[in-house]
Each structure stands twice: as structure tokens, then as C-alpha cells.
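Q: I would like to learn how to read charged side chains in a structure, going from the definition to the case at hand. Could we work through one together?

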Amino acid sequence: MSRQTLGKRKRYILGFGDGPKPSSSSSTPSRVSQDHVGELQKLKAEMEEMKTEHEIEREELRRQLEQERREREEEKKEREEEQKQIAHLTSLVTEFLKGKTQTHKSSIHHDGAMYSTGGTNTR
């Protein structure tokens, strides 16, 4: 049927019709097959090695991220502690200044007489 359609030419359909046939069909495919198997094994080994390297890199990145997270937490705690210290010092300074203001006002109103802060007697 192919000869009627395509005419009588060699190698239209390999393995059918006219044309040279392989001399030894058993030796060539097995050698090719063994080559493919060897290549596949080599590629699988390379792929496993790449997967292992990838996992190592991934684990290292995870450790680095965890370390950075811990450092940020420590910095946050330090900032919070500094803010508490600032608030405490601010309250101490405020109390001290209130006490100074109270002392200063009481010295101005001595014995019911009022003195100016300039040091002159208003009596």
C-alpha cells in the first residue's frame, strides 16, 4: 500500500519495504540500552547530589534566619528596657523638680511676707 502511494523509494518507513536492514539486531540495541542505563544512573547520582547540596543550603539559610530573629528579639528587649529606664529617670527628675519648686515657693512666702525672687524685700 505504501508503494502505491509513495512509490518505490528506499527508507520511507524504516524497517519496512526496500532498503538495508540492520545486520545484527541483538547486539546494537543492548549496547545502546546499556549506554542509556549508565547515563541515567549518572544523572540520578548527580540529581541526588544536587538535592543534598540544596538541603544543606536550605538548612543553613534556616539557621541564619533563626539567628537573625533571635538578634531582633534581643534588640527589642534592650529597647524596651531602655524605655523603662528613661521613663523611670523622667519620673525621678519630675519629682525632684516638683520638690525644688515646692521648696522655692515656701522660701518666697516666709513669715507671711512675700519676697521677690530678685532678692529685694517687698515689706
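A: Let us begin with a pair: the side chains of Glu-48 and Lys-51 meet in a salt bridge, at 3.8 Å from N to O. The term stands for a side-chain nitrogen of Lys or Arg within 4 Å of a carboxyl oxygen of Asp or Glu. Side chains of opposite charge can pair when their charged atoms come close. Please keep in mind that this is a predicted model, in which local features need pLDDT of at least 70 and side-chain atom pairs count only at pLDDT 80 or more, while totals for chains, interfaces and linings use all residues. Residues are numbered from 1 along each chain as its sequence is written, and side-chain values use heavy atoms, with hydrogens and water left out.

Q: Where do Glu-48 and Lys-51 lie, and how many residues apart are they?

A: Both belong to helix H2, three residues apart, which is about one turn of the helix. Helices here are DSSP runs (H or I, at least four residues), numbered from the N terminus.

Q: Which residues form a salt bridge with Glu-66?

A: Arg-69 does, with the closest N and O atoms 2.5 Å apart, and so does Arg-70, at 3.7 Å from N to O. Within helix H2, Arg-69 is three residues from Glu-66, whereas Arg-70 is four residues from Glu-66. Glu-66 is partly exposed, with a relative accessible area of 26%, and Arg-70 counts as partly exposed at 37%. Elsewhere, salt bridges that share partners join Glu-59, Glu-60, Arg-62 and Arg-63 into one network.

Q: How many salt bridges does the rule give?

A: The count comes to six salt bridges.

Q: What does the side chain of Thr-101 lie 2.8 Å from?

A: A polar contact is a pair of N or O atoms within 3.5 Å; within protein, one must be able to donate a hydrogen and the other to accept it, and residues adjacent in sequence count only if both atoms are side-chain atoms. Here a polar atom of the Thr-101 side chain lies 2.8 Å from the backbone oxygen of Leu-97. Thr-101 is placed in helix H2, which covers residues 27-108, and is partly exposed, at 38% relative accessible area.

How values were computed
Helices (H or I, at least four residues) and strands (E, at least two) are DSSP runs, numbered from the N terminus. Buried means under 20% relative accessible area, exposed over 50%, partly exposed in between (1.4 Å probe, protein chains only).
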